[in-house]
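Please look at the sequence and the 3D structure below, and keep both in view while reading.

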Amino acid sequence: MEMITVQEAENILFSELRDFGTEEISYEQALGRVLAENLLADRDLPPFDRPTVDGIAIDYDAYHKGVHSFSIKATQAAGDSPNAITDQTDCIEIMTGAALDQSVNTVIRYEDLSIENGIASIQNIEVKKGQNIHLKGKDKKQGDLLVKANQLITPAIIGVAASIGKIKLSVKKVPRVIIISTGDEMVDPSTDPTPFQLRRSNGITIKAALTKFGIHAELLHLNDNYEIIRQELKHCLNDYDVLLMSGGVSMGKFDYVPKVLEELGVQKLFHKIKQRPGKPFWFGKSPEQKLIFAFPGNPVSVFMCLHRYFVPWLEQSLQTNPSPQYAMLNNDIQFPYSLQYFAQVKLRINETGQLTAESIDTNGSGDFSHLPETDAFMELPLEQEVFRKGEMYRVWKYNL
């Protein structure tokens, strides 16, 4: 199979979308999950006429007839049963958010009143009927749509759910994911490596990135032993929906992963993309429709492939479908290779409100030292070698 383009790889990935079903969870646990139901108003919003300021509530007809001083009949706080007036020269001293009785229809702010001996007198201001009142059903009517399904649940959505009594929310299930790293040279982060070893970080990075989507992935590390890799991958294909792998997919003598997957009956859908970083990316599916994303082992390659391929695949599978994001290049870039380049960039908002991207120089896909100080990968077209300041290109955010 020949090396394919980034767009061809995306098309193949998007032909393998999955529906993992739905589940009900507490709204307190729903942040970052994908809503699987529409949220409807269980009653009119607001559910009653209510003042938007503290002051007094009057019958406007009395003011219109020339009455400017009113006897305070009662004081009403938010949550109290509404108080009525029976005489037009009376008023209700009322607080913001309280329920207005039908006998009053206009609210005057404290700032526009003088109150003495139980009499509230309106200062020399113009009063309009219905002023300072948030009318019942003004925002939404009972049964109206408040929140559409298929979007990430935010704090605002949780607040809406609580306001309509939805303490359980239907959300999209996320795939069962295991993250598998390989390599004899990789040791646990808690240990002191020899001068020729490295601490494992790729799996931990992927796991942290996936928590944003409510995925709590398992971690597994395998040394470069063909039989152990075969046995462990066989178990993983039985127990998980998605395998995210790091390392073992290039052309080295100990890169066993592609051969093991083939032996286990996994169909290779592509191997190698015309891109830098991440060229050796391998993707396939098992006979049981389990998916394997086998990323190269270099840290920047892993990070790029995760955000350019797995995350969009996940968002499409969960039907959130976020809009593409673009930024204006803030410096010239030259890349004289027949590969699609993903440049690490810092994003900023300029004085005209435009999102801009400034690339940084790195030492290749093994140089992960710049990832904490950058914000995104900028995807630069395969057909070009020179990219000019002021040109617009798509970005894939990871630190914002």
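## Domains and basis of the model

Domain bounds here come from an automatic or database domain assignment. On that basis the chain is divided into domain 1 (6-20 + 174-318), domain 2 (31-44 + 139-172), domain 3 (50-134) and domain 4 (325-397). The C-alpha centres of domain 1 and domain 3 lie 67 Å apart.

This is a predicted model, in which local features need pLDDT of at least 70 and side-chain atom pairs count only at pLDDT 80 or more, while totals for chains, interfaces and linings use all residues. Residues are numbered from 1 along each chain as its sequence is written, and side-chain values use heavy atoms, with hydrogens and water left out.

## The residue K136

K136 is found in the loop between strand 10 (133-134) and strand 11 (145-147), where strands are DSSP runs of E with at least two residues, and helices are runs of H or I with at least four, each numbered from the N terminus. Because its relative accessibility is 45%, K136 counts as partly exposed, a class that lies between buried (under 20% relative accessible area) and exposed (over 50%), using a 1.4 Å probe and protein chains only.

Leaving aside residues up to four places away in sequence, K136 touches D44, P46, P47, F48, D49 and K141, contact meaning heavy atoms within 4.5 Å. K136 and T362 are 226 residues apart in sequence and, from C-alpha to C-alpha, 59 Å apart in space.

## Cysteines

A disulfide is a covalent bond between the sulfur atoms of two cysteines. The structure holds 0 disulfides, when these are counted as pairs of cysteine sulfur atoms within 2.5 Å. C91, at 0% relative accessibility, counts as buried, and C305, at 0% relative accessibility, counts as buried too.

## Packing against helix 7

Two packed helices are described by the angle between their axes and the distance between the axes. Helix 4 (residues 202-210) and helix 7 (residues 299-317) pack at an angle of about 30°, with their axes 10 Å apart. That makes helix 4 roughly parallel to helix 7, a term for angles under 35 degrees. In this pair, N202, T205, I206, A209 and L210 in helix 4 meet P299, V302, F303, L306 and F310 in helix 7.

Helix 1 (residues 6-14) and helix 7 pack at an angle of about 35°, with their axes 10 Å apart. Here V6, A9, E10, L13 and F14 in helix 1 meet R308, Y309, P312, W313 and Q316 in helix 7.

Key:
Axes are lines fitted to C-alpha atoms, for helices over the stretch in contact, and angles run from 0 to 180 degrees between N-to-C directions. Angles under 35 degrees count as roughly parallel, over 145 as roughly antiparallel, 65 to 115 as roughly perpendicular and the rest as oblique.
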